[in-house]
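Subject: Structure handover

Hello,

Here is the structure for you to look through. Please open it first, then read the notes below.

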Amino acid sequence: MKEGKIMEARKIRRRTFLFGTALTAAGCAVGRPRVSLVSPNEKLNVAGIGVGGKGYSDLENVSSENIVALCDVSDKSAAKAWERFPNARRYRDYREMLDKEANNIDAVTVSTADHAHATAALAAMELGKHVYVQKPLTHSIHEARVLTEAARRYKVATQMGNQGHSGDGVRQLCEMIWSGAIGPVREAHIWTNRPLWPQGMPKPLDPEPVPGFLKWDLWLNHAPERPYNKKYAPFNWRGWWDFGCGALGDMGCHIMDPANWSLKLGAPTSVEVIRQKGKNDQTAPESSVLRYEFPARADMAPVTVYWYDGGELPPRPAGVDPDTKLGDGANGSLFIGDKGVLTTGCYGGHTRFLPEELNEGYTMPREIIPRIPNGDHAQDWVQACKGGRPACSNFDYGGPFTETVLLGNLALRVGGKLEWDSARMKVTNNREANQYVRETYRKGWAL
């Protein structure tokens, strides 16, 4: 790739890092990329990176704005978006798009496979562009820290695509717990029916010819080179460690969000594999149970958080009828407090006491968390891009939360219990685990 605006911005960032505080305030200002500012009455010029599947719906959710450029490595995946936005300029390589469109766009949606989130989002932020990035925010803990810090440095509006965080339900759950409805919470149990794709596969797939509609090398992004197989892309990539983050990556930023917010979790001190089925070096396991430990936090007691996937389920609380649905059934959470038990759905909706008769006559506490109009996660970001209050799952929230979620994958990859030092981003009792904290990058794709 020829050196363009992305590389110029990256050189500025690296010089800033090397010189650190030796730079004067004026010097920093000279090197800072221009942040696009749009008045509340104007429309944003938006570009999409990864515009098939979820990427298409992300574009639809901001179609009130001007969709001016689209990028996808697959003509087949992008066909619907090409048709829906015929006037948008088309690209296959987001680096080329950002170079050519740097002066034409204000904001970027990133809806690629997990492993490409960070490189694409950072390239956009380095040009001063606001970014909406699908969950999990990144593929590694280190990448999450990098994006969190970059959002602050470049002063751009950000949002992670865990849309339930904009809903009224999770806010009601927080208000119930913060009002003392079940007393101090000592345990939380979180489960999902994922994976819905193959996992537990110990060997790479056999090589197949690359179809003409796909730029396989661009799809690989920074991941290690490997031959194409249709069972990697466009969908089943999620189970492969090189590309996805397994069941935790798919649903953790959704289903763990009610616990993360209501219990003010912050960083755990440890995570432990209770059991997993199908551990291997290539893919996430077929099923797993994890235990996170969190210390006392502000007004919150120490809490143990359990994660279940692949058909694993938490024990049913004592006194709860076997026919009572917990959470949404396939997904949900249980909160075990000193004075009672709450269950809630995937996005924090339909929160209720267990046993169910305890809900009779309960009055919800007063609202103390601002509501998002219509629970619209994408428009919450759009308004932030136009100078409104920060989006509710901006990277100051989504970045540290993603680090917590992805720490579970470190434990799955090495087994046992990991002691975690968040400040140093380091596992203190298992040297092997630290190799998974940050990525290695192919030439041309460095973060």
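Start at Pro136, which sits in the loop between strand 5 and helix 7 (141-154). Helices (H or I, at least four residues) and strands (E, at least two) are DSSP runs, numbered from the N terminus. A cis peptide bond joins Lys135 to Pro136, with omega about -15°.

Before going on, a word on the ground rules. This is a predicted model: local features need pLDDT of at least 70, side-chain atom pairs count only at pLDDT 80 or more, and totals for chains, interfaces and linings use all residues. Residues are numbered from 1 along each chain as its sequence is written, and side-chain values use heavy atoms, with hydrogens and water left out.

**Backbone details**

Ala233 and Pro234 are also joined by a cis peptide bond; omega here is about 15°. Pro234 lies in the loop between helix 9 and helix 10. Asn221 is found in the loop between helix 9 and helix 10 as well. Asn221 is not a glycine, yet its phi is positive, at about 55°. Is Asn221 buried or exposed? Asn221 is buried, with a relative accessible area of 1%. Buried means under 20% relative accessible area, exposed over 50%, and partly exposed in between (1.4 Å probe, protein chains only).

Lys155 has a positive phi too, near 55°, and is a residue other than glycine. Look for Lys155 in the loop between helix 7 and strand 6 (158-161). Lys155 is exposed, with a relative accessible area of 57%.

**Cores**

A nonpolar core is a set of buried Ala, Val, Leu, Ile, Met, Phe, Trp, Tyr and Cys residues joined through side-chain atoms within 4.5 Å. The largest one has 96 residues. Leu98, Val108, Met125, Trp219, Leu263 and Phe335 have the most contacts inside it. Which helix gives the most to this core? Helix 13 (residues 395-414) does, with ten residues. Another core, of 23 residues, lies apart from it; Val38, Ala81, Tyr132 and Ala157 are among its members.

Now take Leu263. Contact means heavy atoms within 4.5 Å. Not counting residues up to four places away in sequence, Leu263 touches Ile177, Val185, Ala188, Pro258, Arg297, Met300, Val303 and Phe335.

Helix 3 covers residues 54-61, and its residues Gly55, Tyr56, Asp58 and Leu59 are buried. Seen down the axis of helix 3, the buried residues fall within an arc of 160°, so they line one face of the helix. The arc is that of the directions from the helix axis to the C-beta atoms. The buried residues of helix 3 pack against strand 1 (45-49), strand 2 (66-71), helix 4 (75-84), strand 4 (107-110) and strand 5 (130-134).

Asn66 is in strand 2. Asn66 is partly exposed, at 31% relative accessible area. Leaving aside neighbours within four places in sequence, Asn66 is in contact with Lys43, Leu44, Asn45 and Val46.

**Cysteines**

How many disulfides are there? The count comes to zero, where a disulfide is a pair of cysteine sulfur atoms within 2.5 Å. Cys174 is in no disulfide; its nearest cysteine sulfur, that of Cys392, is 11 Å away. Cys174 counts as buried because its relative accessibility is 0%. Cys385 is in no disulfide either; its nearest cysteine sulfur, that of Cys392, is 13 Å away. Cys385 counts as buried because its relative accessibility is 2%.

On a 1 Å grid over the protein atoms alone, a cavity is a set of points where a 1.4 Å probe fits but cannot get out, and a pocket is an open set with protein on both sides within 12 Å along at least five of seven lines; lining residues have an atom within 4 Å of a point. Grid points are joined across faces, edges and corners, and a volume is the space filled by probe spheres set on the points.

The largest pocket has a volume of about 990 Å³. It is lined by 45 residues, and the closest to its centre are Gly52, Ser111, Thr112, Pro234 and Trp237. Helix 10 (246-255) gives the largest share of this lining, three residues.

There is one cavity of 30 Å³ or more. The largest cavity has a volume of about 50 Å³. Its lining includes Gln199, Cys245, Trp307 and Asn409. Helix 10 gives the largest share here, three residues.

Best wishes
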